[in-house]
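Please keep the sequence and the 3D view at hand while reading.

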Amino acid sequence: MEVFDIIIVGGGPAGLTAGIYAGRQNLKTLILDKELAGGQAREVPVIDNYPGYEMESGLNIIEKTKKQCLKYAEIHEGEMVNNISKDGDLFLVETIKSKYSSKAIILTTGTKHRPLNVPGEAEHLGKGLSYCATCDGMFFKGKDILVVGGGNTAAINSIYLNDLGCNVTLVHRRDALRCQKVLEDKLIENNIKIIWNTTVDEICGEPLLSSVKLLNKDGTKSEIEVNGLFVSIGEEPANKLATNLNIDLNDDGSINVDKNNRTNCDLVYAAGDITGGLKQWIVACGEGAVAAISAYDDLLSNDLI
């Protein structure tokens, strides 16, 4: 069985940055990602707050990062990790394809899209319902769509879809948005309609989505005919591997780490959105770098390298 100094689970901004920093310390490093490296970063239509890049797509930035990382680390895409366990002084990492051993682990598993949990959601996924505006937006050009949410992601998706030529309506459960002021201003500039104090009650259509039933805070029900629904109500921590290792979690399910991105489990670290806090690309990269440096320091002090 092949033994690595560090195995990083997750190939998003945090994971790829950790791979760069670990590899530059001459550590034998493997990154495992269940899909394509980049994760949800690939779905970001436009980024204009990452230093050195203006109005750049998440896909372009992540591909450049991946190319840089490949100089220092091995990357296995489409290889989901099923379990991590302690195997003597090493960690045994079991994937859908193979088994590996590692001296240290960095978890950068990120988050998964939070569902609405309403009738018709599962049935209409890929049939008018989507969690990814970048992936599916072009299919709805010139059509009526709803975007659900009130944070940065919902605002960004609404603006992006509007720019594509979709007829966008934003539905938010509160009476004020939670997104950055600059995004709220752009929504107003683009005359994007907002339905306040309202949640999605049911998703209808056979077989394709054709309408959405809404429930207002005052109890009023309504139904609106649309061709598409984009759900942007946040994410949930992908913490299954952490719980298997008995790693301490925060109240929101994110992994609890110290200032050096160490967990309560020796030689296990976490970085990026999985640690909670401010979910920003630059924060994930910073945490990935810190986690890799902490892992190197700990391996060195324990005479493991």
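## Surroundings of H76

The side chains of H76 and Y100 are joined by a polar contact of 3.2 Å (a pair of N or O atoms within 3.5 Å; within protein, one must be able to donate a hydrogen and the other to accept it, and residues adjacent in sequence count only if both atoms are side-chain atoms). H76 belongs to strand β3, residues 74-77 (strands are DSSP runs of E of at least two residues, helices runs of H or I of at least four, numbered from the N terminus).

With a relative accessible area of 18%, H76 is buried (under 20%; exposed is over 50%, partly exposed in between, with a 1.4 Å probe and protein chains only). Leaving aside residues up to four places away in sequence, H76 touches L30, I31, L32, D33 and Y100 (heavy atoms within 4.5 Å).

## Basis of the model

The model is predicted: local features need pLDDT of at least 70 and side-chain atom pairs pLDDT 80 or more, while totals for chains, interfaces and linings use all residues. Residues are numbered from 1 along each chain as its sequence is written, and side-chain values use heavy atoms, without hydrogens and water.

## Helix α2

The buried residues of α2 are G58, I61, I62, T65, K66 and C69. Seen down the helix axis, these residues fall within an arc of 135°, so they line one face of α2 (the arc is that of the directions from the axis to the C-beta atoms). Their cover includes α1, β2, β3 and α8.
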